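Biologist: Thanks for sitting down with me. Could you walk me through this model?

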Amino acid sequence: MVDPALGADRQPRQCERSPLRREDDALLRGHAQFVSDLPKGSALHAAFVRSPHAHGRLLAVDLGAAHSAPGVLAVFRASDLPRFDPLPVNPVCPAQPFPNPVLADGTVFYVGQPIAMVLGETPQAAQAAAEQVSVQVQALTPVVGIDQARQAAAIFPHWSSNCVYRQDWSTGRFEQAQRQAQAVVAVQVKTSRLAPTALEPRGLLAHWEGQTLTCYLPSQAPHRARQTLIKMLGIPAEQLHLVCPRVGGAFGGRASLYPEELAVAWAASRLRRSVFWQSSRGEDLISASHGRASVLRAWGAFSVQGRLLALRAELAFDLGSWAPFSALIPGWNAGRILPGPYAVPIIEVRSEGYVTTTAAVGIYRGAGRPEAALVMERLMDEGARRLGLDPLAIRARNLPAPSDHARSSAACPPDQGHRALQLLAQAAEHAQYQTLKSQLEKERAAGGCVGLGINLYVEPCGSGWESARVTALPNGRFLIASGSSSQGQGHDTAFAQIAARALGVSTDQIDVIEADSRITPEGIGALASRSMAIGGSAVLLAAQKLAAMLAQREEATASAPDRGGNAAMALPHEGLSAYEVYTTPAEAWSAGCCIAVVEVDKATGSARLRRVVWIDDCGELINPLLARGQLEGGFSQGFGETFCESIVYDENGQILTGSLLDYALPRADDLVPLEIAHLRHMGVAPPGDRPNPLNLSGVGESGAIAAPAALVNAVADALCANGPVGDIELPLKPETIWRMMQQKH
Ligand code: SMO
């Protein structure tokens, strides 16, 4: 199979070479240091006692036996801790304030909630003692799932209901348009609760030395984590350092400080001793933040030509019982970016979040964008089916013309819609859409169960700022200190490429450091697909500034005959540094069009991916190999969301998927080589269409946004002989699809 992306990537474009990832040698040989690889010295080891109940009153927490267990130095419960403020939540929309305790205080709200912390000389001693803590709980009624949360009494005192927030975006009344519509189509997708599942579980080494606490924390927002620790612990900023060692994946699960992390850091500062905590996979599955867990309902009022006259959407999110920093983001993001790239005159969108007696649900790769795409792309396909239109044609018909400045979504810039038209056209051409469709028709006529799904999506890539300092050292090397942070996505390689180009030096002369508060500048972190657009732009500006400073020096040196004309020799001992903060004037938007073909085994309901043709629009590419890695990784996670991954709670709020034996991740042999091409290589996208000097947007979450809607639509198409598929509940396990096939309409 010819991969169009490879052809394009090999074009000798000056800015688009793909050096191999410089971080991989150490990572692949096991030389890189993750938090568990750091020397622990005499650090104490922390273990947590966790709630076995979903909801209940804590009658007694007996620490006696644990206190006297061998090798135990300290045991803490909530009453031993200071009265911390609740862990902070990003207030993107007005919301009820979560209690967010560090250790359960009086009541437990989910299975796995930390109740007590044991510090021992060894991990085994701490764990053994933790098992001797006896906890007496008077069971209260668990609240599991959004439906129950709506009906049940408020689980938190002083709340009037379990609704956390309700946010509306509206440009008119759906009912009015409904009267002029040829067809009103309704869709529902229930997304499962997902575990971000980084390779590396959580961990923290809180290292105490002298008067200083250094937290070695695998984080994707290290500077925010540090600020939270400074504020909560009341330690002077200069005495609290935060360093990210190598980090094995984040995906939204490492974006805010966890209660366990705050407890460990507090214990180190209180005892003036280093404390280490390493979470297990099982602990992470039950008590790290989850993602998605939404019920998405939408109605589309279509004209006879297939124009979407009005969109109504009701998006409900299960937020669990405590809120990580970005808990409100998915619901807010999904709502604000509807109707995606399409021009829809009237929208009525509501997003709501609910508390339940389950683990927290926060951001997970995509954070609302996969949900928005599922809503729009399910509607487009069901609209097309109802009106007898081609799925490609109905999408094209709903995109704004270049002259059409009327938009119903304030979020999505109009030119995004115009580029979407190009994405559709290119995807159709690369897939040979009409030929492909008639092939699938033939297979169906011969009894096959095959389907094609399209997803035309958008991906806003973050706002705000990042910083970078680039230093020319007297030894001839350069050092980039970035305020961003990486968890495996290849910043070292990409940032070195950006600076090398600006400085006119080889990437081999450049070192990159990130996320060490003693030596790197402040930043926000790796979130929302923002690292290249914002963090990369900061590196570019700093490198350009340094290049200008060096040129000036060179000129001055050359004109001063006594200096021998050697600019490098003239560098001060600490080198010459340029520092820049880059604030993006607007969000950079990525987009893409993904066409997926699946085949379903009629006997078992098992779906197999057959082909993916995917046009990405992330603007310029720093390193196509890195971009491809991001796209493939994200797609794999989107595949998992669609077909296998799901955290399941029973009606008692007990988690049934507490290990990777039960929580099914996708495997390499589930996937096929993805036929990826970039719009930038096709000569159809205008240069200079992104708000940053690198002229790019992100790819970090593209795959997680691209896959679910394309794959769900492909399965729905495969089953279309039975009529419309009705409500969709992810994941589409074989059993789920088999049951869908048995429904007769
Ligand atoms: S879900 Mo992302 O790490 O903003």
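## A buried aromatic pair

Modeller: Gladly, and let's start with Tyr-258, which is buried at a relative accessible area of 3% (buried means under 20% relative accessible area, exposed over 50%, partly exposed in between, with a 1.4 Å probe and protein chains only). This is a predicted model, where local features need pLDDT of at least 70, side-chain atom pairs count only at pLDDT 80 or more, and totals for chains, interfaces and linings use all residues. Residues are numbered from 1 along each chain as its sequence is written, and side-chain values use heavy atoms, leaving out hydrogens and water.

Biologist: Which residue forms an aromatic pair with Tyr-258?

Modeller: Rings of Phe, Tyr and Trp (its six-membered ring) pair if their centres lie within 6.5 Å; planes under 30 degrees apart count as stacked, over 60 as edge-to-face and the rest as tilted. By this rule there are nine aromatic pairs. In one of them, 6.0 Å centre to centre with 70 degrees between the planes, Tyr-258 sits edge-to-face with Trp-322.

Biologist: How many residues apart in sequence are the parts that the pair ties together?

Modeller: Tyr-258 lies in the loop between strand E12 (240-243) and helix H8 (259-271). Trp-322 lies in the loop between strand E16 (308-318) and helix H10 (329-337), so the parts tied together are apart in sequence by 64 residues.

Biologist: Is Trp-322 buried or exposed?

Modeller: Its relative accessible area is 4%. By the cut-off of under 20%, Trp-322 is buried.

Biologist: What share of the residues of the protein count as buried?

Modeller: The protein has 745 residues. Using that same cut-off, the share that count as buried is 60%.

Note on methods:
Helix = DSSP H or I, 4+ residues; strand = E, 2+ residues; numbered from the N terminus.
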